[in-house]
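Let's walk through this model together, taking one chain by itself and then the place where two chains meet. Have the 3D view open as you read.

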Amino acid sequence: MTTRAEGRQSHLMPSTQTTKAVRLLTGNEACALAAIACGMRFYAGYPITPSSEIAEYLSRLLPQHGGVYIGMEDEIASMGAIIGASLTGVKSMTATSGPGFSLMQENIGFASMAEVPCVVVNVMRGGPSTGLPTLPAQGDVMQARWGTHGDHPIIALTPYSVRETYDLTIRAFNLSEKYRVPVILLLDETIGHVNEKVEIPDISEYEVVNRTPPMCPPEEYLPYQHTESGVPPMANFGSGYRYHVTGLSHDETGFQTNDSAEIEKLLLRLHRKIEIARDDIVEADAYRMDDAEIGIVAYGSSARASREAIRVAREEGFRVGMLRPKTLWPFIDKEIQSYAGQVRTWIVPEMNLGQIAHEVECALHGQGSVHRVNRVDGCLIEPPQILAKIREVC
Amino acid sequence: MDYEYYLRDKHFPVIWCPGCGIGIVLKAILRAIDKVGYDKNEVCMVSGIGCSSRIPGYTDFNTLHTTHGRALTFATGVKMAKPDLKVIVVTGDGDATAIGGNHFIHAARRNIDLTVVLINNYIYGMTGGQASPTTPAGKRATTAPFGSTENVFNVSGLAEAAGATFVARTSTYHTVQCEKMIEKGLQNKGFSLIEVIAACPTSFGRPNKQADPVEMLMWQKDHAVPITRAQNMTPEELEGKFVTGIFVDRQAPECRTEYQKIIDQQFHPKGAPAR
């Protein structure tokens, strides 16, 4: 008799061996496979729908690749464990959904402050609180940006298909290693659970980035050096570079300080390293925007509905296109602004009450109107809903 | 021994108040490490938040000062990802048994190879003397101005019940015993807890009319009951005293070692993964 788990195994195994495998995968499976492919070797997590499959796949795959899976007592612990593991030089991740993401915020702040690379996957379900297990939502996009206290740098990516989940998972690790920041990968339940036929290229076709080690001898190492790029080289625990890591405000040596000049230097550098690299980090996909007069800004499964609405609207003669953020934070403000002379009307469909619509308004500085299409009832936004809004605003 | 070899002396003087017991524990930890003979590069010292959690900053190891109560979660990640590192966790009664209580029992349950030195001074010292889960009933704190009315945790008992394979209690008065227990804890392949009763003259002593550090140390001497003697005493006779000694010292499968067996069975780096 084949157990359910064994069935999954045979379904999963070929991906790590074949080139350009054409496979039927869910977003959660693609995420797990991509993480393994780009060298993630430590996962700590706590079960929560709709993300649990990621933990299930990885508990099987990790030991097969010499890595470690551990089920922690809660999401606070999961976040702590991946930071600890990452400090030893191992690419680390966790996955969760809204309630667990709330618990992770404390140590996401630590990872931001102590500049420890790690990837946090949030497969969004309806909230607040226990909310809607398991129905889709996009209500955590602002929490991904501002969930932990204090001004802090963060990067968040949001795929809209299974294949893109694979690509953006690898990108999440790359950005995290390159800029020493926690990277949030925001899936919604539909992207996590939808099955799609995908062609997965061999990992050799991807750029895979690893953190930069220090080149200086240990006695000269400044773990939080104010480098030109804003990103200090990172030594791994156990490599002979003995240094101090703390969540307290610290100077270049890593030790706590109350010197206001040093505190300000640290906080500004943490933000500067992301600002300098903004164009490397931010990715948006322009779909039929060349002649568009109406622009849709949509992400995740709402972007899929938007594509269909655009197809039908175009047949009806509406010049509609979509600017889709693949990077959600930092926001695609410059990209939106670049269409300000051409597009006067914007529509933002999202499964929340307008969290990103507000960002679009800010990006436009009044140059154009922003119309919301929202849904918070656990149902997907459907193309007719967006189509009706297109007809209404024209 | 040469303490300075293990210390980051440019970060001195320490933040601890005069008469604080934490410095005594720091020295005991360093003597134990020296005796066991660890290389500084292979030691990772992890802490949470509080007075005791400032210990790692003064030591010349791979040091990680984390969030309140979470030291054991970070330490678990370090140990699981890089089992060669000798991971030592320094914590306090509030850090480990209040905000970090869940992590404490789960780390003990896993019997993961961590050595935890828990400095129990019966109070939240760093925040100014609020009542903690080990503040004895009747004792005063800034948040128990009329005396605490709550039951306390038996910290060592908690670790034992949760599955720790080495559990011992001592005090800052018993410095030689303290060092030996930490040494044994380091040598144990599994979760080790060394609970050290310590004085906080500033935050616990003053409101309880016991502010003299020497007097507080003498209190430890007078109220410590070795386990061999305690076994023949009634609960009434033990009232107000604390039992010292090694409560648990046993062998059991260790978390990371057991996981390695799975990796060894499943991982075939040169060929395809096992099916």
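Two strands are said to pair if DSSP finds at least two bridges between them. Helices (H or I, at least four residues) and strands (E, at least two) are DSSP runs, numbered from the N terminus. A word on conventions: residues are numbered from 1 along each chain as its sequence is written, while chains are lettered from A and ligands numbered from 1 in the order in which they are written. Keep in mind that this is a predicted model, where local features need pLDDT of at least 70 and side-chain atom pairs count only at pLDDT 80 or more, whereas totals for chains, interfaces and linings use all residues.

Start with chain B, which holds 12 helices and 10 strands. Its radius of gyration (taken over C-alpha atoms) is 19 Å, close to the 19 Å that the globule rule (2.2 Å times the number of residues to the power 0.38) gives for 275 residues, so chain B is as compact as a globular protein of that length. Its C-alpha trace spans about 70 × 45 × 35 Å along the principal axes.

Now turn to the partner chain. In chain B, 39 residues are in contact (C-beta atoms, placed from the backbone, within 7 Å) with 38 residues of chain A. Strand 2 (62-65), helix 3 (71-81), helix 5 (101-110) and helix 12 (255-266) of chain B each supply at least two residues of that side, and helix 3 gives the most, with eight residues.

Strand 2 of chain B also pairs with strand 10 (residues 244-246) of chain A, in the parallel sense over three bridges.

Methods:
Contact = placed C-beta atoms within 7 Å.
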